[in-house]
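Trainee: I would like to go through the labels attached to this model and see what each one rests on.
Mentor: Ask about them in turn, and we will set each value against its cut-off.

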Amino acid sequence: HADAIHRGGGQIIPTTRRVLYACQLTAKPKIMEPVFLVEIQCPEQAVGGIYSCLNKRRGQVFDNQQIGNTPQFIVKSYLPVNESFGFTGDLRSSTGGQAFPQCVF
């Protein structure tokens with residue numbers, strides 16, 4: 001029958017499958033990873049330890065600023081959430097306890 005009430009799964013499911021498959025092909029899917037914005041405050045001599053700690057954990061530094069005329073620096077970077085477990089302890093040990101991180105999701 002041509003009536004809509006007589007359509008069964010044999011007609012609807014293959015059409016739906018083709019539509020969803022076409023949507024997936026044209027959507028250009030991407031896998032995204034959750035990332036923390038990390039701000040680390042430290043004295044000038046601890047900046048090298050921060051860079052080495054972030055590089056070990058796939059961190060990307062995008063800003064490094066001195067705070068006014070003080071010897072303190074703020075290092076801003078992106079750190080994958082998966083790599084952030086144990087980061088604070090590792091950072092403190094590589095900088096001698098001079099760095100203070102803040103992670104924001």
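**Labels and their grounds**

Mentor: Start with Leu 37, which touches Phe 62, Ser 77, Tyr 78, Gln 102, Cys 103 and Val 104 when residues up to four places away in sequence are not counted. Leu 37 lies in strand β1. Keep in mind that this is a predicted model.

Trainee: Why does Leu 37 count as partly exposed?

Mentor: Buried requires under 20% relative accessible area and exposed requires over 50%. Leu 37 has 28% relative accessibility, so it counts as partly exposed.

Trainee: How far apart are Leu 37 and Leu 79 in sequence and in space?

Mentor: They are 42 residues apart in sequence, and their C-alpha atoms are 6.5 Å apart in space.

Trainee: Which aromatic pairs are there, and how many does a search of the whole structure find?

Mentor: The search finds two aromatic pairs. The rings of Phe 36 and Phe 105 make a pair with centres 6.1 Å apart and planes at 80°.

Trainee: What makes the pair of Phe 36 and Phe 105 edge-to-face or stacked?

Mentor: Centres must lie within 6.5 Å for a pair, and planes over 60 degrees apart count as edge-to-face. With centres 6.1 Å apart and planes at 80°, the pair of Phe 36 and Phe 105 is therefore edge-to-face. This pair links distant parts of the chain, 69 residues apart: Phe 36 is in strand β1 (residues 35-43), and Phe 105 is in the segment after β4 (100-104).

Trainee: Are Phe 36 and Phe 105 buried or exposed?

Mentor: Phe 36 has a relative accessible area of 17%, so it is buried. Phe 105 has 72% relative accessibility, so it counts as exposed. The cut-offs are under 20% for buried and over 50% for exposed.

Trainee: And why is the pair of Phe 62 and Tyr 78 called stacked?

Mentor: Stacked needs planes under 30 degrees apart. The planes of Phe 62 and Tyr 78 are at 20° and the ring centres are 4.6 Å apart, so the pair is stacked. Phe 62 in strand β2 (residues 60-66) and Tyr 78 in strand β3 (residues 72-80) are 16 residues apart, and the pair links distant parts of the chain. Phe 62 has a relative accessible area of 42% and is partly exposed; Tyr 78, with 38%, is partly exposed.

Trainee: What is the order of strands in the sheet?

Mentor: The open sheet of four strands has the order β2-β3-β1-β4, with antiparallel pairing.

Trainee: What makes β2 and β4 the edge strands?

Mentor: Each of β2 and β4 pairs on one side only. On average, neighbouring strands of this sheet are turned by 20° against each other, direction ignored.

Trainee: How do you know that β2 and β3 pair, and that β1 and β3 pair?

Mentor: Pairing needs at least two bridges. Six bridges join β2 to β3, and these strands run antiparallel. Nine bridges join β1 to β3, also antiparallel. As examples, Asp 63 stands opposite Lys 76 in β3, Gln 66 has Phe 73 in β3 as its bridge partner, and Pro 43 stands opposite Gln 72 in β3. β2 and β3 form a hairpin with five residues between them, and Gly 68 in the turn has a positive phi of about 55°.

Trainee: Which residues of helix α3 are buried, and how do you know on which side of α3 they lie?

Mentor: In helix α3 (residues 87-95), the buried residues are Phe 87, Leu 91 and Thr 95. They cover an arc of only 50° around the axis, so they are on the same side of α3. The buried residues of α3 pack against β1, α2 (47-56), β3 and β4. After α3 comes Gly 96, with a positive phi near 70°.

Trainee: Which residues have the most contacts inside the largest nonpolar core?

Mentor: That core has 16 residues, and those with the most contacts inside it are Ile 40, Cys 42, Ile 50, Phe 87 and Leu 91. The elements giving two or more residues to this core are β1, α2, β3 and α3. Ile 50 touches residues including Val 75, Leu 91 and Ala 99.

Trainee: Last, why does Asn 82 count as exposed?

Mentor: The cut-off for exposed is over 50%. Asn 82 has 56% relative accessibility, so it counts as exposed. Asn 82 is found in the loop between β3 and α3.

Terms used:
Residues numbered from 1 in each chain as written. Predicted model: local features only at pLDDT ≥ 70, side-chain atom pairs only at ≥ 80, totals over all residues. Heavy atoms only, no water. Phe/Tyr/Trp six-rings, centres within 6.5 Å; stacked < 30°, edge-to-face > 60°. Buried < 20%, exposed > 50% of the residue type's maximum accessible area, 1.4 Å probe, protein only. Arc of directions from axis to C-beta. Contact = heavy atoms within 4.5 Å. Core = buried A, V, L, I, M, F, W, Y, C linked by side-chain atoms within 4.5 Å. Axes fitted to C-alpha atoms, helices over the stretch in contact; angles between N-to-C directions.
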